[in-house]
Amino acid sequence: MSDFLHKLPQFIGNNMALVALFLILLLGLIVTQLMVMLRKYKELTPASLTLLINREGPLMIDLSAYADYEKAHVPGSRHVALSQFDPEHKDIAKAKDVPVVLIDKDGRGASDKAAQRLVKAGFTKVYTLGGGVLSWQQAQLPVAKGKNPG
């Protein structure tokens with residue numbers, strides 16, 4: 001260990017570009033993790049969503065493209081296009097005190113944007129499904145196909 005510590009200053013001096021890149025990546029990772037910890041909504045795994053469904057019966061909103069929703073969605077979720085998503089809509093607004101889970105196809109942004117809007121509108125139990133419907137399918141959980149229920 002002391003040999004490593006003895007050679008470290010020389011390594012840093014000889015590899016400034018690598019050290020700078022490492023520090024930038026480390027800082028980016030820390031900032032990203034802090035943002036995740038400080039946001040006012042939580043990301044669920046497929047297993048934790050299953051528990052939430054069984055315990056609290058959340059409102060689940062699928063923001064995937066309609067064609068993707070018809071191919072496969074979490075059973076019980078309702079489709080709402082992101083462009084039509086409005087926290088003040090009567091069906092959504094009455095769910096302010098129940099868990100609301102936002103789902104998209106692959107967990108790459110649509111659900112996060114909608115979650116931020118719900119939090120801003122005063123919703124307190126807001127969740128997203130990490131990895132979206134694809135993670136649900138990868139967990140080999142059942143999917144529904146077709147149009148909105150009801």
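Patches are made of residues with over 30% relative accessible area and no salt bridge; like charges are joined within 9 Å, and nonpolar side chains (Val, Leu, Ile, Met, Phe, Trp, Tyr) within 5 Å. Accessible areas come from the Shrake-Rupley method with a 1.4 Å probe, and for residues only the protein chains shown count as cover. The model is predicted: local features need pLDDT of at least 70 and side-chain atom pairs pLDDT 80 or more, while totals for chains, interfaces and linings use all residues. Residues are numbered from 1 along each chain as its sequence is written, and side-chain values use heavy atoms, without hydrogens or water.

**Stop 1: the nonpolar patch**

Select Met1, Phe4, Leu5, Leu8, Phe11, Ile12, Met16 and Leu18. Together they make a nonpolar surface patch of about 840 Å². Now colour helix H1 (2-14) and helix H2 (16-38); each supplies at least two residues of the patch. Helices here are DSSP runs (H or I, at least four residues), as are strands (E, at least two), numbered from the N terminus. H1 gives the largest share, five residues. Pick isoleucine 12, which lies in H1. Its relative accessibility is 33%, so isoleucine 12 counts as partly exposed. The classes are buried (under 20% relative accessible area), exposed (over 50%) and partly exposed in between, with a 1.4 Å probe and protein chains only.

**Stop 2**

The term means a side-chain nitrogen of Lys or Arg within 4 Å of a carboxyl oxygen of Asp or Glu. Lysine 7 and aspartate 3 are four residues apart in H1, so about one helical turn separates them. Lysine 7 is partly exposed at 47%, and aspartate 3 is partly exposed at 46%.

**Stop 3: the other salt bridges**

How many salt bridges does the structure hold? There are three. Select lysine 105 and aspartate 68, whose closest N and O atoms are 3.9 Å apart. Lysine 105 sits in the loop between E4 and H6 and aspartate 68 in helix H4 (residues 66-71), so the pair ties together parts 37 residues apart in sequence. Next, select aspartate 91 and lysine 94, which meet at 3.8 Å, N to O. Aspartate 91 is partly exposed at 41%; lysine 94 is exposed at 68%.

**Stop 4: the largest nonpolar core**

Go inside. A nonpolar core is a set of buried Ala, Val, Leu, Ile, Met, Phe, Trp, Tyr and Cys residues joined through side-chain atoms within 4.5 Å. The largest has 15 residues, and Phe85, Leu102 and Leu118 have the most contacts inside it. Strand E4 (100-103) and helix H6 (110-120) each supply at least two of its residues. H6 gives the largest share, four residues.

Centre on leucine 102. Beyond its neighbours within four places in sequence, its contacts (heavy atoms within 4.5 Å) include Ile61, Leu63, Phe85, Ala114, Leu118 and Val126. Another core of 12 residues lies apart from the largest one, with Met60, Ala72, Tyr127 and Leu129 among its members.

**Stop 5: two single residues**

Select histidine 79 in strand E3 (residues 78-79). At 13% relative accessibility, histidine 79 counts as buried. Its side chain reaches the backbone oxygen of serine 64 at 2.6 Å.

Finish at glutamine 140, in the segment after helix H7 (132-138). Its phi is near 60°, a positive value in a residue other than glycine. Glutamine 140 is exposed, with a relative accessible area of 74%.

Definitions and conventions:
Polar contact = N/O pair within 3.5 Å; in protein donor to acceptor, adjacent residues only side chain to side chain.
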